[in-house]
Amino acid sequence: MVSLNKYLFFVLLQLSFALGFDPLGYVLYCPCMGRFGNQADHFLGALGFARGLNRTLVLPAWVEYRYGEPRSIQVPFDTYFKVEPLQKFHKVVTMESFMKDIAPYEWPRNDRKSFCYMARGSGESCNAKDGNPFGPFWDTYDVEFTGSEFYGPLHYDMYHHDMAKQWKDRYPAKMWPVLAFTGAPASFPVQEENKHLQKYLRWSDLVEDEAHSFITNVLPRGAFVGIHLRNGIDWVRACQHIPESPSLFAAAQCVGYRNEKGKATSDMCLPTKETIVRQLKRTIKNINNKSDNEVRSVFVASDSNHMIDELRSALKRMNVQVYKYPKSNPHVDLAILGKSNHFVGNCVSSFSAFVKRERDVKGFASSFWAFPTQKSAKSGAHDEL
Ligand SMILES: Nc1nc2c(ncn2[C@@H]2O[C@H](COP(=O)(O)OP(=O)(O)O)[C@@H](O)[C@H]2O)c(=O)[nH]1
Ligand SMILES: [Mg+2]
């Protein structure tokens, strides 16, 4: 009997190799917090986590919200990003192929536990499908959970302690082929050690082509400065908390993870029109002084007020045109900002942080509204401009 079991085990192991299953298991999660910028931060963390455990990362759909609709919309990962560059770094598979080809064997319907740090909501459960986008996300893939697993006090920092070993000891792949997390197995903002993983995120042809054709067909020839104006009502409210939370959201990208480069200010979070105009003019002048490729236009991306008229009249005498993308398309906005000759972003916004990381990978220059502050610049902080 024992030897038959053993025999069966080896047959199954070989079968899983032959079928292309990962004998070291899978990491699956719902990007259930925030919009694109937050989800992208979390994605890099989840990628680092899956790599640390040497499990295949299942690439989740992006979760989007449409105004007035009570349920989130799930957009397949590869609508916006290419899968192949990620595969150069680590084993990945899209959620759609995982559910179709792998889940029926490796994640049977009668044994689907959801993972959370500790019970969430009522009872001893992760309540992984409670609320939006939790329910709609898993419903998209027809997933029902049969139980919960609380993994605390383990956490996601793969770069300190012996966290990977602790996960492997507690959840060996043989017994736990799939770790399905209620939220991303990652921190927000993205852990510093995972920032460089941005280089494996390459826009899909769909996004890339739209961005490229806007730049070549609409923008005038010559250099252009890309700017991000995050100023919708949700942001105005969030920025009111800056005085008591000086490392709000993505602020670490400017002030450091331990506030070693100061504190975020209201002007960094929601720059005034004066700050924007003054800094933009200074940026353009500096670029023109340094290079023969003169700045001919400014590309504005915004969630709310693009300030097109104000910027046009402010830049008229410099002979610089001001443009925005004609449709509301966050991903094309991001891709265009990523290709600009210089980018000015918002320290506190994770949307800006995405652009900054992409540009860092390419070696392109970026700066931020109202940072460094006058004071920290004088005290020796490096001002690129
Ligand atoms: N089209 C467009 N949408 C934006 C822009 N800035 C913000 N948004 C929208 O507002 C959301 C902001 O949430 P998130 O991405 O988490 O970034 P954060 O809140 O700024 O940290 C984005 O995902 C977009 O949907 C922009 O410049 N262009
Ligand atoms: Mg947000």
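1. Ground rules. Residues are numbered from 1 along each chain as its sequence is written, while chains are lettered from A and ligands numbered from 1 in the order in which they are written. Since the model is predicted, local features need pLDDT of at least 70 and side-chain atom pairs count only at pLDDT 80 or more, whereas totals for chains, interfaces and linings use all residues.

2. The sheet. You'll find an open sheet of 6 strands with parallel pairing, in the order E5-E2-E1-E8-E6-E7. Helices (H or I, at least four residues) and strands (E, at least two) are DSSP runs, numbered from the N terminus; two strands pair if DSSP finds at least two bridges between them. E5 (92-94) and E7 (147-150) stand at the edges with a single partner strand each, so one side of each has no neighbour in the sheet. On average, neighbouring strands are turned by 30° against each other, direction ignored.

3. E1 and E8. E1 (residues 26-29) and E8 (residues 178-181) run parallel and are joined by 4 bridges. Leucine 28 stands opposite alanine 180 in E8.

4. Helices on the sheet. H2 (residues 36-53) lies across E1 and E2 (56-59), running at about 160° to E1. H5 (residues 95-106) touches E1, E2, E5 and E8, and its direction makes about 105° with that of E5. Axes here are lines fitted to C-alpha atoms, for helices over the stretch in contact, with angles from 0 to 180 degrees between N-to-C directions; contact means C-beta atoms, placed from the backbone, within 7 Å.

5. Ligand 1. It is surrounded by 19 residues, the closest being Gly37, Ala301, Asp303, Ser349 and Ser350 (C-beta atom, placed from the backbone, within 6 Å of the molecule). H2 gives the most to this shell, with 3 residues; E10 (295-302), H14 (330-339) and H15 (350-362) each supply at least two. By class, the shell has 6 nonpolar, 9 polar and 4 charged residues (Ala, Val, Leu, Ile, Met, Phe, Trp, Tyr, Cys and Pro count as nonpolar, Asp, Glu, Lys and Arg as charged, the others, Gly among them, as polar).

6. Two domains. The assignment, automatic or from a database, gives domain 1 (2-193) and domain 2 (203-378). Their C-alpha centres lie 33 Å apart, and the contact takes 12 residues from domain 1 and 15 residues from domain 2. On the domain 1 side, H2 gives the most, with 5 residues. The shell around ligand 1 draws at least three residues from each domain.

How values were computed:
Two residues are in contact if their C-beta atoms, placed from the backbone, lie within 7 Å.
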